[in-house]
Amino acid sequence: MPRFHRGPKRKNMKTNCLIIGSGPAGYTAAIYTTRANIKSVLVEGLQAGGQLTQTTTIENFPGFPNGIDGNELMQNMRQQAINVGANIRSGVIKSIDLSKRPFVATLDGGETLEAETVIVATGASAKYLGLDDEKKYAGQGVSACATCDGFFYRKRVVAVVGGGDTACEEAVYLSNLCKKVYMIVRKDYLRASAAMQKRVEERENIEVLYNTNTVGLFGDNGVEGAHLVRFKGTDKEELFDIDIHGFFLAIGHRPNTEFLGGQLALDENGYIVTDHVTTATSVEGVFAAGDVADPRYRQAVAAAGTGCRAALDVEKFLAAI
Ligand code: NDP
């Protein structure tokens, strides 16, 4: 007996190029494909504008001699894409079938989208340590974005985990708001660039705790402190606590590839593997741009560059089929 499914009617859209992601790579790709007269749809994902919307001033994106606010830069890119006629949609691609062309993507609302080509530009998301307490105190003291949440910890004591450029940048940002900032660094040095390290050193209210890992968090009313261990696994091992109200993760990012369901070749860290010369992935007609395929440079300008390359690769691919 046939089964009848009730519920919202599902739409089926068709496009020549589906661009997934709205960071510098996605918007740049959309600007290029649209200007090349390729029917394209850009699906923005959960966080329109991507990682740069969570940062402060960007001083290393060429063309802005005095730097530019991350949100403003992304708004400008989005507007530029709209101005050339790009079709931008909000929503999240939940899954995609890459087994044959046209590829079929399913959005969170249940609609499907058929696409002759795909540009994956989904970027990367913040990593967490994997402690149960990070979940327990999510939104109650644990954050992976100092510029989003730092304001809530004005005049309080906070900690930033990590020793890279992001951690240093976040620590400096928080040091303007907070009474004191600890940096919890697992090695005996900072991995960050010399310029960022200097900025950290110049702040009297930043204390770097080297050779230190976090064991857990405590507090009855949100985070009130962290259990730490110094020189873990050595005969100098030492457990101690710090009193903090905010615990900020800045230990890097993980590429957003889950929705691909293992259909594209990834490297050992989960980044999409692309051809050495082009942005082609392991599936013909699927291209990757930006941080999702960049374990090495991970810069906004580099992402925009690969977005441009992916769009040109799509143009060439479509012309050949
Ligand atoms: P990085 O990968 O450079 O640094 C991650 C940091 O987190 C390292 O100190 C690492 O320690 C530490 N870490 C990783 N996992 C753990 C863990 N499980 N426990 C404790 N610590 C951990 O990431 P970033 O996000 O800082 O930077 C990414 C890229 O973006 C870099 O290329 C960076 O230069 C760039 N960037 C540039 C900026 C700028 O130019 N203004 C600003 C921000 C980022 P360890 O060193 O021991 O591995």
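User: What makes Ser40, Val84, Gly85 and Ala86 count as residues that Thr34 touches?

Analyst: Contact means heavy atoms within 4.5 Å. Thr34 touches Ser40, Val84, Gly85 and Ala86, with residues up to four places away in sequence not counted. A word on the basis: this is a predicted model, in which local features need pLDDT of at least 70 and side-chain atom pairs count only at pLDDT 80 or more, while totals for chains, interfaces and linings use all residues. Residues are numbered from 1 along each chain as its sequence is written, and side-chain values use heavy atoms, with hydrogens and water left out.

User: Why is Thr34 called buried?

Analyst: Buried means under 20% relative accessible area, exposed over 50%, and partly exposed in between (1.4 Å probe, protein chains only). Thr34 has 15% relative accessibility, so Thr34 counts as buried.

User: Where does Thr34 sit, and what does its side chain reach?

Analyst: Thr34 is in helix H1, residues 24-35. Helices here are DSSP runs of H or I with at least four residues, strands are runs of E with at least two, and both are numbered from the N terminus. The side chain of Thr34 reaches the backbone oxygen of Ala30 at 2.5 Å. A polar contact is a pair of N or O atoms within 3.5 Å; within protein, one must be able to donate a hydrogen and the other to accept it, and residues adjacent in sequence count only if both atoms are side-chain atoms.

User: Is Ala86 buried or exposed?

Analyst: Ala86 has 14% relative accessibility and therefore counts as buried. Ala86 lies in the loop between helix H2 (70-83) and strand E5 (87-89). Neighbours within four places aside, Ala86 is in contact with Ala30, Thr34 and Ala81. Ala86 and Ile38 are 48 residues apart in sequence and 9.8 Å apart in space, C-alpha to C-alpha.

User: What makes Asn37 exposed, and what is its phi?

Analyst: The relative accessible area of Asn37 is 73%, so this residue is exposed. Its place is in the loop between H1 and strand E2 (40-43). Phi of Asn37 is near 70°, a positive value in a residue other than glycine.

User: Why does Arg298 count as partly exposed?

Analyst: Arg298 counts as partly exposed because its relative accessibility is 39%. Arg298 is in the loop between strand E19 (286-288) and helix H7 (300-320). Its phi, near 50°, is also a positive value in a residue other than glycine.

User: How do you know that Gly139 is exposed?

Analyst: At 72% relative accessibility, Gly139 counts as exposed. Gly139 lies in the loop between helix H3 (132-136) and strand E10 (142-143). Ten residues along the chain separate Gly139 from Asp149, and their C-alpha atoms are separated by 9.2 Å.

User: Which peptide bond is cis, with omega near -5°?

Analyst: That is the bond from Arg101 to Pro102. Pro102 lies in the loop between strand E6 (93-97) and strand E7 (103-107).

User: Now the whole protein. How many helices and strands are there, and why is the protein called as compact as a globular protein of its length?

Analyst: The protein has seven helices and 19 strands. Its radius of gyration is 22 Å, close to the 20 Å that the globule rule gives for 321 residues, so the protein is as compact as a globular protein of that length. The radius is taken over C-alpha atoms, and the rule is 2.2 Å times the number of residues to the power 0.38. Of the 321 residues, 47% count as buried.
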